[in-house]
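Hello,

Here is the structure I promised to pass on. Please open it first, then read my notes below.

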Amino acid sequence: MDKISILWADDEIDLLKPHLLYLQDKGFNVKTVTNGNDAVDEFSKDGYDLVFLDENMPGLSGLETLTKIKNLKPRVPVIMITKSEEEAIMDNAIGSQISDYLIKPVNPGQILLSIKKNIDKNRLISEKTTSNYQQDFRNISMMLSDNLSIKEWEDVYKKLIFWELELEKSVDSSMKEILAMQKSEANTLFSKFIERNYVNWFNGRSKDVPVLSHTLIKTKVLPDVEKHSHPVFLVVIDNLRYDQWKLLQPIIEEDFYTDKEEMYFAILPTCTQYARNSLFAGLMPSEIEKMYPGKWQNDEDEGGKNLHEEEFLAGLLRRSGKDIKFSYNKITNFEAGKRLADSIHSLANNKLNAIVYNFVDTLSHARTEMEVIRELASDDAAYRSLTVSWFQHSPLRDIIKNIRAIGGKLIITTDHGTIKVGEPSKVIGDKNTTTNLRYKQGKSLTYQGKDVFMLKNPADAFLPRQHVSSIFLFIKENKFFAYPNNYNHYVSYYRNTFQHGGISLEEMIIPFIHLSPK
């Protein structure tokens, strides 16, 4: 690594000779000047990594010199050193974007620490993060070797996301590759776990059953409604993964405290038609079909598949004995979001207000279909970043701020997650086979058995059948179904897109967050 070059401007530079010798002994190149004009001239003609700047110098003051230096190269860190503890000087310096502020007399240790904070910070954080993940890698590997419970799977997934977000800041690409391999291994084992246990969650043969889509409102939302005198707002952000929530969390916490962060499991197929209808109805899909004749739309049926959620929620409240005033709003565009944001106060007298916000689902579909979105969200990190950028400028943020203004309790959740698919798996079916890339419903399907969880009898998982002989196939890990016809074009088009409907940690283990207004 090249030596770090430092420019130090101070009219009493001779008194700082011990500091200069100390820094030179540590391997830094240090150039000194005694006034602001010389500092600007020297800074403009040579490349410096950092500037130490005395606040009180003859001629140009420290703050004036700082302004000229920032105009030349705004990204170079400048550390102000002064004898004064006046708050106004500190405020001016900070407002002028100094990187640190030291008060004389300073000792060599303070100087070195400030350099490390401003020059070596990213490398030191990267090395520490890498070291910590290396230690936790073994812990996660040991957990994966056990027969994990529901709670342990949630914990493993949280750990993997924590390290994914931490290593995103690191320059060590090898650790990111190791984490990606460990996450892939976890998804392989999780898929086997689901294959072994999923049907047992519905037939009473398992004692370890997670909160699922159809039990979420009854077990997690209604107790909050009963407990709080203020209105409860249930905001369902369609297709929101746990990693996306973790990046939205600091922004939302400007207005709300996070009381509790929980996870629940989306039912299969992990797609809006099944999971979100079940969430609002408090019923599994085949139960909805039976209880609401004509309201359940099968995969092959024409028309919208989520048109009756408000009616389903009313039925759930009625069956639960909750005679409460509630509202339901679905937001699918910017203008509808603005209208709701402006009218939040009118919902203050409702005990429960359900809001479905569709943007993240729209984003994942747009990424598949639009080249510009593919480029903006080229990987998971970029996909997360795009979600954050949208949220910061969306009506949803205004909605959340206005919920806080009326003292509302906030619950944020989703109906399912999504995964970036990579590997194709060939499937053959007739023209009535469903088109989703992560699950198939049809008859006489030919498929690669190792890649799928097959439900020969959909009734075992409370799924409606299109035909008497229909089966369901759920693809595992990051694979996606591809037909042999026009195979290469199909695979090229869909590889590295974000899809949902199948079995993965990202699609099935999803956030449920309790928040209180600040």
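Strands β6 (residues 232–237) and β10 (residues 409–413) run parallel and are joined by 5 bridges. Within that pairing, Val 232 stands opposite Lys 409 in β10. Please keep in mind that this is a predicted model.

The pair belongs to an open sheet of 6 strands, ordered β7-β19-β10-β6-β9-β8, with mixed pairing. Its edges are β7 (256–265) and β8 (326–331). Each has a single partner strand, so one side of each is left without a neighbour in the sheet. On average, neighbouring strands here are turned by 15° against each other, direction ignored.

Helix α7 (residues 150–167) lies across β7 and β19 (509–517) and runs at about 120° to β7. Helix α15 (residues 334–342) packs on the sheet too, touching β8 and β9 (352–357). The direction of α15 makes about 150° with that of β8.

**The three-stranded sheet**

Another open sheet has 3 strands in the order β14-β12-β17, again with mixed pairing. Here β14 (446–447) and β17 (479–482) stand at the edges. Each pairs with a single strand, so one side of each has no neighbour in the sheet.

β12 (residues 423–428) pairs with β14 in the antiparallel sense, over 2 bridges. Look for Val 427, which stands opposite Tyr 447 in β14. Helix α20 (residues 487–494) lies across β12 and β17, at about 145° to β17.

**Asp 54**

Is Asp 54 buried or exposed? Asp 54 has a relative accessible area of 4%; the cut-off for buried is under 20%, so Asp 54 counts as buried. Asp 54 is found in strand β3 (residues 50–54). Leaving aside residues up to four places away in sequence, Asp 54 touches Ala 9, Asp 10, Asp 11, Gly 62, Met 80, Ile 81, Thr 82 and Lys 104.

**The chain overall**

The chain has 21 helices and 19 strands. Its C-alpha trace spans about 90 × 55 × 40 Å along the principal axes. Of the 518 residues, 54% are buried. Among contacts with a separation of 6 or more, 74% come from residues 24 or more positions apart.

The chain exposes about 23,400 Å², and carbon and sulfur atoms supply 49% of that area. There are 65 positive and 71 negative charges, and their mean positions are 6 Å apart.

Best wishes

Definitions and conventions:
Residues are numbered from 1 along each chain as its sequence is written. This is a predicted model: local features need pLDDT of at least 70, side-chain atom pairs count only at pLDDT 80 or more; totals for chains, interfaces and linings use all residues. Side-chain values use heavy atoms; hydrogens and water are left out. Helices (H or I, at least four residues) and strands (E, at least two) are DSSP runs, numbered from the N terminus. Buried means under 20% relative accessible area, exposed over 50%, partly exposed in between (1.4 Å probe, protein chains only). Contact means heavy atoms within 4.5 Å. Accessible areas come from the Shrake-Rupley method with a 1.4 Å probe; for residues, only the protein chains shown count as cover. Lys and Arg count as positive and Asp and Glu as negative; His and the chain ends are not counted. The place of a charge is taken as NZ of Lys, CZ of Arg, CG of Asp or CD of Glu. Two strands pair if DSSP finds at least two bridges between them. Axes are lines fitted to C-alpha atoms, for helices over the stretch in contact, and angles run from 0 to 180 degrees between N-to-C directions.
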